[in-house]
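Biologist: I'd like to learn how to read a model like this one. Could we go through it feature by feature?

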Amino acid sequence: MTEALLAPFDEDLLATVAGRHDTDEATLRDLLRRHQQQVRDNPGVEDIVYEWRSQFHGQPVLRRTEDTYYLRLHTHVWDEFAAALDIPEASLHAVLDTHEEQLRRETGASVGDDERAMVLNRP
């Protein structure tokens with residue numbers, strides 16, 4: 001189950017981002033898993049994406065596949081997740097970079113100054 005949580009992320013990306021941020025890959029994997037599980041547990045992937053689509057009229061869903069949502073969200077959304085997961089700031093940069101790079105790889109899209117990417121595994 002836990003590796004399924006990381007399915008949206010390219011294997012080579014995790015090692016690359018970990019090296020870029022001077023963190024170990026195991027820590028990055030753990031943080032990514034914890035985030036994916038948190039979304040599943042509260043309130044659920046489909047429910048939270050529905051909420052964001054209603055709240056952010058800028059259409060945060062850039063792409064939806066059978067397995068994954070690729071989203072562009074306001075920065076405060078990640079601030080809330082980081083606080084709830086107690087992610088240290090240095091590690092948060094690696095997590096954000098992973099989501100942003102995967103979004104770019106899959107959609108070709110980038111994020112603005114007040115936005116953050118989020119890639120969510122669909123159950």
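Biologist: Which residue forms a salt bridge with Asp-12, and how far apart are the closest N and O atoms?

Modeller: Keep in mind that this is a predicted model. The general idea is that side chains of opposite charge can pair when their charged atoms come close. Here the partner of Asp-12 is Arg-105, with the closest N and O atoms 3.1 Å apart. The pair links distant parts of the chain, since Arg-105 belongs to helix H6 and Asp-12 to helix H2, 93 residues apart. There's a network too: salt bridges that share partners join Asp-10, Asp-12, Glu-100, Glu-101, Arg-104 and Arg-105.

Biologist: How many salt bridges does the structure hold?

Modeller: The count is 12. One of them pairs Glu-3 with Arg-33, the closest N and O atoms being 2.5 Å apart. Glu-3 sits in helix H1 (residues 2-5) and Arg-33 in helix H3, so this pair ties together parts 30 residues apart in sequence.

Biologist: Arg-29 forms a salt bridge with Glu-11. Is Arg-29 buried or exposed?

Modeller: For that, look at relative accessible area: buried means under 20%, exposed over 50%. Arg-29 comes out at 12%, so it counts as buried. Glu-11, at 53%, is exposed. Their closest N and O atoms are 2.1 Å apart.

Biologist: Which residues of H2 are buried?

Modeller: With a helix, check where the buried residues point. In H2 they are Leu-13, Leu-14, Val-17 and Ala-18. Their arc around the axis is only 125°, so they lie on the same side of H2. The face turned away from that buried side carries the exposed Glu-11 and Gly-19. H3 and H6 are among what covers the buried residues.

Biologist: Which residues touch the most other members of the largest nonpolar core?

Modeller: That core has 37 residues, and the ones touching the most other members are Leu-28, Val-49, Trp-52, Leu-71, Phe-81, Met-118 and Leu-120. Elements giving two or more residues to this core include helix H4 (45-55), strand E2 (68-74) and strand E3 (115-121). Take Val-49: setting aside neighbours within four places in sequence, Val-49 is in contact with Val-61, Tyr-69, Leu-71 and Leu-120.

Biologist: How many bridges join E2 to E3?

Modeller: Seven, and the two strands run antiparallel.

Key. Residues are numbered from 1 along each chain as its sequence is written. This is a predicted model: local features need pLDDT of at least 70, side-chain atom pairs count only at pLDDT 80 or more; totals for chains, interfaces and linings use all residues. Side-chain values use heavy atoms; hydrogens and water are left out. A nonpolar core is a set of buried Ala, Val, Leu, Ile, Met, Phe, Trp, Tyr and Cys residues joined through side-chain atoms within 4.5 Å. Buried means under 20% relative accessible area, exposed over 50%, partly exposed in between (1.4 Å probe, protein chains only). Helices (H or I, at least four residues) and strands (E, at least two) are DSSP runs, numbered from the N terminus. Contact means heavy atoms within 4.5 Å. Two strands pair if DSSP finds at least two bridges between them. The arc is that of the directions from the helix axis to the C-beta atoms. A salt bridge is a side-chain nitrogen of Lys or Arg within 4 Å of a carboxyl oxygen of Asp or Glu.
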